[in-house]
Amino acid sequence: MLEASKAFSGFSVDDIQKAKHFYGDKLGLTVSEENGLLSLHLAGGNTVLIYPKPNHTPASFTILNFPVDNIERAVDDLTQKGVRLERYEGKLQTDPKGIFRGGGPLIAWFKDPAGNICSVLEKKAA
């Protein structure tokens with residue numbers, strides 16, 4: 001029944017204009033706005049819907065993962081643009097730059113202005 005549907009994902013924020021600035025200007029994504037909603041136009045033709053929600057609660061999980069060729073460069077670029085990388089201690093301990101190097105892909109997490117969690121993770125060379 002839904003096999004031909006071009007499904008898409010979405011998440012909420014508490015301030016559409018802050019989200020538009022963050023995803024468009026800081027992350028460099030193509031963002032369009034229509035009827036008070038944002039669409040993130042991602043590589044590969046994927047689209048993610050961002051919608052306002054007055055009683056928004058940030059997601060407690062990673063909502064967007066951005067694969068990158070070089071995590072060091074990506075983290076440096078994000079930091080230069082004013083994006084604060086999350087620091088974790090304990091089992092998921094990150095280094096001083098905010099990169100987790102404890103097994104699996106190298107990954108660094110950051111939050112959007114609404115508190116939703118995003119990540120950059122290094123792709124393995126083919």
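Author: A residue is called buried when its relative accessible area is under 20%, exposed when it is over 50%, and partly exposed in between (1.4 Å probe, protein chains only). This is a predicted model, in which local features need pLDDT of at least 70 and side-chain atom pairs count only at pLDDT 80 or more, while totals for chains, interfaces and linings use all residues. Residues are numbered from 1 along each chain as its sequence is written, and side-chain values use heavy atoms, leaving out hydrogens and water.

Reader: Which residues of H2 are buried?

Author: Ile71, Ala74, Val75 and Leu78. Helix H2 spans 71-80; helices (H or I, at least four residues) and strands (E, at least two) are DSSP runs, numbered from the N terminus.

Reader: How do you know that they are on the same side of H2?

Author: Because they cover an arc of only 95° around the axis, the arc being that of the directions from the helix axis to the C-beta atoms. On the other side of H2, Arg73 and Gln80 are exposed.

Reader: What do the buried residues of H2 pack against?

Author: Their partners are S5, strand S6 (99-100), strand S7 (107-111) and strand S8 (117-122). Contact here means heavy atoms within 4.5 Å.

Reader: What happens at the start of H2?

Author: A side-chain oxygen of asparagine 70 comes to within 3.0 Å of the backbone nitrogen of glutamate 72. After H2 comes glycine 82, with a positive phi near 90°.

Reader: Now the pockets: what makes a set of grid points a pocket?

Author: On a 1 Å grid over the protein atoms alone, a pocket is an open set with protein on both sides within 12 Å along at least five of seven lines, whereas a cavity is a set where a 1.4 Å probe fits but cannot get out; lining residues have an atom within 4 Å of a point. The largest pocket holds about 370 Å³ of space. Its lining has 15 residues, and Leu27, Leu29, Phe66, Val68 and Val120 are the closest to its centre.

Reader: Which element gives the largest share of the lining of the largest pocket?

Author: S5, with four residues.

Terms used:
Grid points are joined across faces, edges and corners, and a volume is the space filled by probe spheres set on the points. A polar contact is a pair of N or O atoms within 3.5 Å; within protein, one must be able to donate a hydrogen and the other to accept it, and residues adjacent in sequence count only if both atoms are side-chain atoms.
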